[in-house]
Amino acid sequence: MQNGPAVRRRKLGAELRTLRTGAGLTSGEAAQLVGWHQSKVSRIETGASGVKADDLRLLLDAYAVRDGQLRELLLMLAGAEDAGGRDRWWHAYRGVLPPTYRDFISLESQASAMRTLETTVVPGLLQTPEYARAVTRAAVKDVDEERLDTLVEVRLARQDVLRSDPPLALNAVLDEAVLRREVGGPEVMARQLERLTEAARLPQVRLQVLPFTAGAHIGLTGPFVIFSFPSTSDLDVVVLDQLASSLYLERKEDLVAYSEAFDTLQFHALSPEESLDYIAGIGDGA
């Protein structure tokens with residue numbers, strides 16, 4: 001378990017090692033091709049050091065990587081300011097957002113798909129402005145109105161990934177407690193339930209409710225997010241949110257365990273169609 005930047009360095013390094021061996025090169029031969037010392041290639045591949053965008057391009061050229069989508073993704077993982085893809089708008093909020101939150105947004109913007117279990121609140125990508133304000137006010141200690149406005153603005157800006165081209169594919173399982181918890185008061189919650197219904201009808205969103213009648217389930221240990229990336233599954237990562245930080249799980253066994261847990265939760269949850277009816281019933285006071 002590591003922080004986001006360390007995970008990205010390790011994953012980027014592992015992918016570069018795979019590409020190098022796929023090109024039939026030793027680390028020494030790769031270093032010679034780009035004019036480096038072998039130790040630099042080794043440090044990058046182990047995640048001990050980052051890699052600049054220009055250096056990464058040299059490696060990708062040396063390994064004959066022509067897949068534009070993969071090159072773009074690896075450049076974004078390296079932190080290249082000029083990488084293509086979705087807008088890196090969150091850089092404008094460096095003075096407001098903690099590094100862990102910026103890093104989560106970065107992963108979210110780069111991912112092609114996101115699976116999430118939520119047990120307490122509506123996922124940020126599906127929150128209304130009023131709901132987001134109420135949640136942020138409760139979660140951030142001693143927040144003033146100006147910072148509150150900015151944090152809500154960021155939350156809403158994150159939702160653009162659902163409207164990008166291509167959009168992020170969001171697969172969410174919500175515990176019934178999420179729908180029953182009256183965040184912000186009755187009117188705010190009523191509008192939030194309407195928003196969930198609207199979002200559930202989008203082709204890129206799959207929303208399922210895990211009702212109380214499902215009883216004890218594997219998700220009782222807490223919410224989690226699984227990010228998947230285009231071109232390669234080796235970059236997938238699990239994110240566990242905690243009060244003051246986030247933990248990133250990158251080992252294959254962790255990814256398998258959480259993927260299987262998510263599959264189990266989906267099996268026990270209501271179908272997307274049944275979930276829509278269930279949300280509507282709660283909205284009607286059922």
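Strands β2 and β3 pair in the parallel sense, over six bridges. The model that shows this pairing is predicted. The two strands belong to an open sheet of six strands with mixed pairing.

- From one strand to the next, the twist averages 15 degrees.
- Leucine 117 has valine 173 in β2 as its bridge partner.
- Strand β2 spans residues 169-175, and six of its seven residues are buried, so the strand is largely enclosed by the rest of the structure.
- Further along the sheet, strand β4 (residues 224-228) pairs with strand β5 (residues 237-241) in the antiparallel sense, over three bridges.
- Phenylalanine 227 is placed opposite valine 237 of β5.

**Helix α2 and what follows**

- Helix α2 covers residues 27-34, and its buried residues are Ser27, Ala30, Ala31 and Val34.
- Viewed down the axis of α2, these buried residues fall within an arc of 100 degrees, so they line one face of the helix.
- An α-helix has 3.6 residues a turn, so residues three or four places apart point the same way.
- Gln32 and Leu33 are exposed on the other side of α2.
- Glycine 35 follows α2 and has a positive phi, near 80 degrees.
- Lysine 40 lies over the face of tryptophan 36, at 4.1 Å from the ring centre.

**Aromatic pairs**

- Across the whole structure, a search finds five aromatic pairs.
- One of them joins tryptophan 89 and tryptophan 90 in an edge-to-face arrangement, with 6.0 Å centre to centre and 85 degrees between the planes.
- Tryptophan 89 also forms an edge-to-face pair with tyrosine 93, at 6.0 Å centre to centre and 80 degrees between the planes.
- Trp89, Trp90 and Tyr93 form one aromatic cluster.
- Tryptophan 89 and tryptophan 90 are both buried.
- Tyrosine 93 has a relative accessible area of 15%, and it counts as buried because the cut-off is under 20%.

**Threonine 197 in helix α10**

- Threonine 197 is located in helix α10, which runs over residues 186-200.
- Its relative accessibility is 17%, so threonine 197 counts as buried.
- With neighbours within four places in sequence left aside, threonine 197 is in contact with Leu276 and Ile279.

**Backbone features in loops**

- Aspartate 165 and proline 166 are joined by a cis peptide bond, with omega about 0 degrees.
- Proline 166 sits in the loop between α8 (145-158) and β2.
- Alanine 64 is not a glycine, yet its phi is positive, at about 55 degrees.
- The loop between α4 (53-62) and α5 (68-77) holds alanine 64.
- With 47% relative accessibility, alanine 64 counts as partly exposed.
- Aspartate 142, a residue other than glycine, also has a positive phi, near 55 degrees.
- Aspartate 142 is found in the loop between α7 (129-139) and α8.
- Its relative accessible area is 72%, so aspartate 142 is exposed.

Note on methods:
Residues numbered from 1 in each chain as written. Predicted model: local features only at pLDDT ≥ 70, side-chain atom pairs only at ≥ 80, totals over all residues. Heavy atoms only, no water. Pairing = 2+ DSSP bridges. Helix = DSSP H or I, 4+ residues; strand = E, 2+ residues; numbered from the N terminus. Axes fitted to C-alpha atoms, helices over the stretch in contact; angles between N-to-C directions. Buried < 20%, exposed > 50% of the residue type's maximum accessible area, 1.4 Å probe, protein only. Arc of directions from axis to C-beta. Phe/Tyr/Trp six-rings, centres within 6.5 Å; stacked < 30°, edge-to-face > 60°. Lys NZ or Arg CZ within 6 Å of the ring centre and 35° of its normal. Contact = heavy atoms within 4.5 Å.
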